[in-house]
Amino acid sequence: MYKVVIFCGGSGSIAIQQGFAQLFGADAVRLYSVVNAFDNGLSTGACRKVFSGQIPGPSDLRKNQFTQYEIRYAKQLENQESLEAKRYSFMTLRFSAGSYEAYYQKAERLIVEQDYLTKKESERLRRLLRYFFYEGDQIRETVRQIQFENFSLFNIFYASAAALSGGSLSAAASEMAALISIPDNVLLISDKSLFLHARTKSGHIIEDEGEIVCWNDPDDKIVHVFLTDTGQNIYQPVTGEGITGYDVSEVIAEADLIICSSGTQWSSLIPTYMHSGFREAVSRSGAKKYLVMNNREDDDMYGTDAEEICGLAGRYLDLSSFTIVINNRASEGLRSISSDYRVLYGDFSSPGAFRHDPLPLVTAIMEDYFGRELFHKKQYMFDLDGTLWDASLKEAGERTGVENLNLFPGRIVSGNSREHLGHILNRYCRQNRNIAVYCDYGNTQFQTDPWKQIRCLTDRYDLEASVSGLLESQPEYRGKCKLRGGVVLTIRPLTDREKHLKNIRVLLRGYHGKYTGKIAGKTSIDVTHAQFSKAGMVSIIMERERILPEDLLYVGNELQEGNEKEITGLGIQTLQVRDIYECNVFLKLLRRLGQAGMSVKEMGEG
């Protein structure tokens, strides 16, 4: 499964997150949003004051978790009477009150009115609410100083959960993710309560993050931001500092794709980039890396163009390894950039729009990620087990496999038997799919609609009858041998296959190296001609069907090691996928992009 890490603020990555969900679904890609928690404006700032600055600011964390909720329950949210819609209305509640007593009383009443909450959930939220307002039996003195104007109720829950966890907002994130039934995939870059400040060109110090967001002075631009602790000492946080439960540097290291989203640079993104160890962690990652440029100038960088933004980001990131993603329809200054950078241009919004359009943006990034040429091949071949289908996976895995079987274009070339392939395709493929299938490592060919034209491509690798007789004569293999297509003798079920493989190779010595055994599947050993291979059969298929090497893409999960490794030496393009989810991502992208002007139906025919 592809792992995608997005560095973002509160709302700048919404289009990216929505684009991945719309294009690939909620389960095919493992997506992490990484934020900082230095926001200090409006009700977030008030929450931090209530707890005397001892908790980080929950706003960006909360916004991204709510975005995940919107994505995961998009269909249910269309029905205003659904449980998910009622929960969302409660989650996003903001209201005003003339006093802290009035706010507390209304909030407690609202919690009780949420009849879908379990008793345990309701009691927990009431405890979090009370902890915000009361220290023991006494009202907090800090609460008396707060104006409850347009105040986010869930900010109170996040703040109290963090305070009750020793100031840990990452612990609060896990609790809130469980409460609203979303994956715990919004991560903090660090979990220490710090405060963001900025210095402008004139030397003026902006003391509050809320003021940085709306600075809007092109004649006295912000040139630097810095952080202080609760004692107002300048503090340089370390990537992952204060976090328990996950290692954010490890998440970065394991990413396949890293995206620095658009957003407010000085107030949201650069405070993440400036963490000690961040540049090194990103540089060490083998992920492909993208930086998405804004569509319009934000107030914290008013008058700053794309070239300048890259220059600022380049203080903290090695942009030589990044692709800069620029919207052709962005404001003029945010479209212009020098040739020093690798740039991906596209129409990623309607003219004048503030936000990117999710599907075009993510489609362009992912097409570039794979390589555009892979989506314009004339011919495709796919492995079955572990690539299109995985019989060991249930529920979401089975749904993904069924999708794959009805999405892929071209041919299947598999080591499996005709019976195995026939059973799966007959059960899970739509009835009108006419698929060309090559089983028994490619030597046996048949069509699925109708089931006809079963033939062997060559007798060059047929096994002598005596091989079956020899192995069947051994007590441990009697009744376990099955000859497939004349070229593969499968022995199963077996345990301790390494031991059996050594024994079988000893038995085959009398054929002077003509035949060999190899481990296959989960419980099998296959005996074949020593020169028989999947790669060899792919070559024969290409020759028989007059497929030019430059026209073909082979997709499999054992191209780096295993039965397909030799295919990489055939002079054709290959795509290694780790599992059916990665194959699903490729197939859905292929479907969206189209292939050489063919319709999806035409793409699906063998």
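Colleague: Which residue is the bridge partner of Thr200 in strand 10?

Modeller: In this model, which is a predicted one, Thr200 has Ile222 of strand 10 as its bridge partner. That pair belongs to a region where strand 8, residues 195–200, and strand 10 pair in the antiparallel sense over six bridges.

Colleague: And what is the strand order in the open sheet of three strands?

Modeller: The order is 9-8-10, and the pairing is antiparallel. Strand 9 (205–206) and strand 10 (222–228) are at the edges with a single partner strand each, so one side of each has no neighbour in the sheet.

Colleague: Which strands does helix 12 touch when it packs on the sheet?

Modeller: Helix 12, residues 265–273, packs on that sheet by touching strand 8 and strand 10, and its direction makes about 60 degrees with that of strand 10.

Colleague: How many of the residues of helix 12 are buried?

Modeller: Nine of its nine residues are buried, and the helix is described as mostly covered. Among them are Trp266, Leu269, Ile270 and Tyr273, but also Gln265, Ser267, Ser268 and Thr272.

Colleague: Switching topic, where does Gly12 lie, and what does it contact beyond its neighbours within four places in sequence?

Modeller: Gly12 lies in the loop between strand 1 (2–7) and helix 1 (14–24). Once those sequence neighbours are left aside, Gly12 is in contact with Ser261, Ser262 and Gly263.

Colleague: How far apart are Gly12 and Ser331 in space?

Modeller: Their C-alpha atoms are 16 Å apart, while the two residues are separated by 319 residues in sequence.

Colleague: Now helices 3 and 8: at what angle do their axes cross?

Modeller: The axes of helix 3 (residues 59–72) and helix 8 (residues 153–164) come within 10 Å and cross at roughly 115 degrees, and the two helices are therefore roughly perpendicular to each other. As for handedness, the crossing of helix 3 past helix 8 is right-handed.

Colleague: Which residues make that contact?

Modeller: On the side of helix 3 the contact is made by Ser59, Leu61, Arg62, Gln65 and Phe66, and on the side of helix 8 by Phe154, Asn155 and Tyr158. Sorted by class, the contact of helix 3 with helix 8 has four nonpolar, three polar and one charged residues.

Colleague: Last topic, the open sheet of four strands: what is its order, and which are the edge strands?

Modeller: The order is 20-21-23-22 with antiparallel pairing, and the edge strands are strand 20 and strand 22 (515–520), each of which pairs on one side only. Neighbouring strands of this sheet are turned by 25 degrees against each other on average, with direction ignored.

Colleague: How many residues lie between strand 20 and strand 21 in the hairpin?

Modeller: There are three residues between them, and Gly485 in the turn has a positive phi of about 60 degrees. Strand 20 (residues 481–484) and strand 21 (residues 488–491) run antiparallel and are joined by four bridges, with Arg484 standing opposite Val488 of strand 21.

Colleague: And how many bridges join strand 21 to strand 23?

Modeller: Three bridges join strand 21 to strand 23 (residues 524–529), and these strands also run antiparallel. Leu489 has Val527 of strand 23 as its bridge partner.

Colleague: Which helix packs on this sheet?

Modeller: Helix 19, residues 497–507, packs on the sheet and touches strand 21, strand 22 and strand 23, while its direction makes about 170 degrees with that of strand 22.

Notes: Residues numbered from 1 in each chain as written. Predicted model: local features only at pLDDT ≥ 70, side-chain atom pairs only at ≥ 80, totals over all residues. Heavy atoms only, no water. Pairing = 2+ DSSP bridges. Contact = heavy atoms within 4.5 Å. Axes fitted to C-alpha atoms, helices over the stretch in contact; angles between N-to-C directions. Parallel < 35°, antiparallel > 145°, perpendicular 65-115°, else oblique. Left-handed = near helix turned anticlockwise from the far one by under 90°. Nonpolar A, V, L, I, M, F, W, Y, C, P; charged D, E, K, R; others polar. Buried < 20%, exposed > 50% of the residue type's maximum accessible area, 1.4 Å probe, protein only.
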